[in-house]
Structures are given as C-alpha cells and as structure tokens.
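Me: I've just opened this structure and want to talk it through. Start wherever you like.

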Amino acid sequence: MSSTICALATPAGGAIGIIRISGPKAFSVMENMLRSRKGATFHYAPERKRFYGDLYSADGNLLDDVVVNFFKSPHSYTGEDCVEISCHGSSYILQQVLTALIKCGCRQAEPGEYTKRAYLNGRMDLSQAEAVADLVSASNRASHRLALGQLRGSVSNSLSRLREKLLKLKSLLELELDFSDHEELEFANRDELLSLAEELRNNIQHLAASFETGKAIKNGIAVAIVGKPNVGKSTLLNRLLKEDRAIVSEISGTTRDVIEDTTQIHGLTFRFIDTAGLRSTNDEIEKMGIERTYQKLNQATIVIWLIDKEPSAEEAEDMSVRTAGKKCLKVYNKIDLINDVQKKPSSKSDEIFISAKYGTNVDELEERLYHAAAIPEITENDVIVTNARHYDALLHAQSAIEDVITGLHNGLSADLLSEDLKICLEYLSEITGDAITPKEVLNNIFSHFCIGK
C-alpha cells in the first residue's frame, strides 16, 4: 500500500466539508499545498497536530482557508499517516481541492478502501470492518447499538474465546501425534475432549441462532396486513406509517400489488406490507395480486389479520394453516361502526379492536406488534450475528465440530479429529480474518506444557 489516497468524507453542499488523505505521502503533500495566513511555508512537526491556514493548488492558486488535522502512523483510523482537511462545503471547492490533491501525488480512494487499509494494518478485524458499514446504514436504535458493539469487538471477543478453546483442543491432539511412537501416551483425556467439544458446539449454535434476531433488527421485522377487500388494510397502513402511502377507496380490489414501507416502534424497525384483498375473483390482474399476498404472508414474521366482522369457521381454519409458525394478530377494524362493548381492547393477546380511520386503539396495536416481535432490549455488549457471511461460516463451523463429537464417540484417531478441528477453526477465522497457523498451534503447546524438563 505505497499509494496515498484521498476522498471526500462528508456529503457535499454543507457548511463544512472534510477530505481525508491516507498514505506515506500524506504529510509531504500538505507541505506542498499549505501556507500560513502570512504566506509562510508549512513544515510538519510531530508536535503539530492541527494547522489553520491557506490551501493552494500546485500552480499556486488559492483554493480555500482550511483547518488541517494530522494523525501520525499508527495512531490513525487506517494505521497510516493520515490528514483530514476541513474546508468550506461548496461542491465546487471540494472538487477543486480533490483535483489539486491528485495533481500533487494522491489518487482517488476506492469504495471502502480506508476501512480495508485499517483491516490490513491490524487496526480492526474483518467483523469490525464490516460493522463500519452497518453503523453507517443503521436505521434504528437497536441496529445502531449492535453495529457499535460489533465495531468495539463484541463478536470478535466472543469468537476469540471460542478460538482459544479450539486451539487448546487441537494442541492436545497435536501433542499426541508428536509422540505417536509411544502408543501408551494419551495426553488428551477423551471424556474431557468430548465435554469441551460439546461446550464449543453449544456456543457456536447459540451464536448462529442469534442470526434470526440480528436479521430482523438489521432489515426490519416483516409484518403482512391481510384480509378481505375493503376491511381497511390500506387505511391501517397509512395510519401506522403516519402518512398517505397507499390509495384508499371504497372500490373493492383497489390494492392489486404489494405496497411496503417501514416505521419504527420503540426503536425497532417494522416493515409493513399492504396486500391485495383476499377473495375469489375472475380478474387476472387481481388474481396476481392475491398470489403475491400469499407469497408475502409466507415471508412475514408477524401477520395482521384485519377483519370487520367475525370470520367463518372455514376462513379461520384457512388463516390458521397459512399463518402456522407465525405470530398472527386478529384485528377487528371499524369499531366506530359497532357497539360500545366491542370498542374496548381485547384481553386476548392475539386480538384487538381498532378504528384505522380514526386511530382508535392503534397505539395498543403497536404495543402488541412490539411484544409479538419478541426482540430483547439491545445493548452494545450483546453478541448477536447480523451478517449473512458470518452466519454461513458459523453453520460450517458447527458442522465441523459435530464431526469432532461424532469422531470422539466412535473412537477416531487423533489425526482425523485434528483435521476436523482445523476445518472448524478455518471457518471461524473467516469471520474475523485471523488465519490459524501451525506456528500458533506449536506455541500453544509449549506455553501449556513443559516437555522434556
């Protein structure tokens, strides 16, 4: 990484814009371009962390008055010499500064290159690097806390503990292989190995199982609003979103396609899906909409079954089959048109009476949705997997450790068990980017045992 890169770190058009430079020529480029307000040439010194002055292009044209912050390697985001230029946020000024930097020896950074350099220079591991993108795109309180925790090493630390236990297990088996000419020596008690392998399996399973929660937090909890035509599905969607997102009409079959949008309830993102009304029809377009309704119903975690009168036993049975394994809320709409007894919230946890038109009891429905999601309060210390790549690696690691457990039960030799452990370690290492080397295993052996003393 001998090149010096530059890029805009803030959106153009604000009062202030920040341009970041990273690489071996970062400071020398600034020495060529900076002048004091009195025209004196700038020279970097370790004690100089910040400089206020004028920025000039290579041909001597004044670009802007700027504040420049210097970060000496390795004490920077990338681990390299870094400079951050704060100038006025005009799109024109920012483009002129970037052009001048390129003419002075920098090149335009590639997408994600600053974080890539931070990883390659050991400032963070792969899971932390991926958390940077999650933090930038966090859309709710829970996803923000998870990304922040991962950036600070919550997943890395958990995997590090697993890795240490796996290394210990592998080291014991490697030790037996080193003394394979002494068949009577068994350094690794098989019952203890089995107990440790099962503990590791349970830990990996727990991490993998957290992915469903992590995915819901990151992408939003899918809620399908289903029911017959004209029961008020689009009106309810608009009420939940607090905006007119869907067309509302008394004409049956108005909604012929799926409409999706998100809102937040108590810091969680809910992705509401308004669907076509369920009924028998000869209209081919409406049939397509109803088919999509069933597809979205299958994808949803929570279903709002919206009705305006008591459904028949056949309808109830059909909905029960279609929502099997999901949380289904039976929501009676249009209570403004029925008697006062039914206007009160139901004591049943899976049904409620509302008026989507006037907003009556919609706040109660939001509370039911929040509890139906069953997402615990998230803190920065929670270890929850949100990345599909991590999840896939954990599933492979789980399969490998299962092979170890099976091998221990079947009395497999140390060399075969060691190979399965190696596979498990490799998959866990894919998450953080930490490669397992034979040297590490060797060092681990000598750190725990005094051979030939």
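**Salt bridges, strands and helices**

Reply: Let's start in helix α12, where Arg 368 and Glu 364 are 4 residues apart and therefore separated by about one helical turn. They form a salt bridge, with 3.2 Å between the closest N and O atoms. By salt bridge I mean a side-chain nitrogen of Lys or Arg within 4 Å of a carboxyl oxygen of Asp or Glu.

Me: Before we go on, what sort of model is this, and what limits apply?

Reply: It's a predicted model: local features need pLDDT of at least 70 and side-chain atom pairs count only at pLDDT 80 or more, while totals for chains, interfaces and linings use all residues. Residues are numbered from 1 along each chain as its sequence is written, and side-chain values use heavy atoms, leaving out hydrogens and water. Helices (H or I, at least four residues) and strands (E, at least two) are DSSP runs, numbered from the N terminus.

Me: OK. Is Arg 368 buried or exposed?

Reply: Arg 368 is buried, at 13% relative accessibility. Buried means under 20% relative accessible area, exposed over 50%, and partly exposed in between (1.4 Å probe, protein chains only).

Me: Which parts of the chain does the Glu 366 and Lys 242 pair link?

Reply: Distant ones: Glu 366 is in α12 (residues 362-373) and Lys 242 is in the loop between α9 and β9, 124 residues apart. Their side chains meet in a salt bridge of 3.4 Å, N to O. Glu 366 is buried at 18%, whereas Lys 242 is exposed at 64%.

Me: Switching to the sheet. What's the strand order?

Reply: It's an open sheet of 6 strands, β9-β10-β8-β11-β12-β13, with mixed pairing. Two strands pair if DSSP finds at least two bridges between them. β9 (259-265) and β13 (351-353) are the edge strands, each pairing on one side only. From one strand to the next, the twist averages 25°.

Me: How do β9 and β10 pair?

Reply: Antiparallel, over 7 bridges. They make a hairpin with 2 residues between them, and His 266 in the turn has a positive phi of about 55°. Glu 260 stands opposite Ile 273 in β10.

Me: And which way do β8 and β10 run?

Reply: Parallel, with 5 bridges joining β8 (residues 221-226) to β10 (residues 268-274). Ala 224 has Ile 273 as its bridge partner in β10.

Me: Last one: at what angle do α4 and α14 pack?

Reply: About 40°, with the axes of α4 (residues 126-137) and α14 (residues 414-432) 5 Å apart. Axes are lines fitted to C-alpha atoms, for helices over the stretch in contact, and angles run from 0 to 180 degrees between N-to-C directions. The two helices are therefore oblique to each other; under 35 degrees counts as roughly parallel, over 145 as roughly antiparallel, 65 to 115 as roughly perpendicular, and the rest as oblique.

Me: Which residues make the contact?

Reply: Leu 126, Ser 127 and Glu 130 of α4, with Glu 430, Ile 431 and Thr 432 of α14. Contact here means heavy atoms within 4.5 Å.
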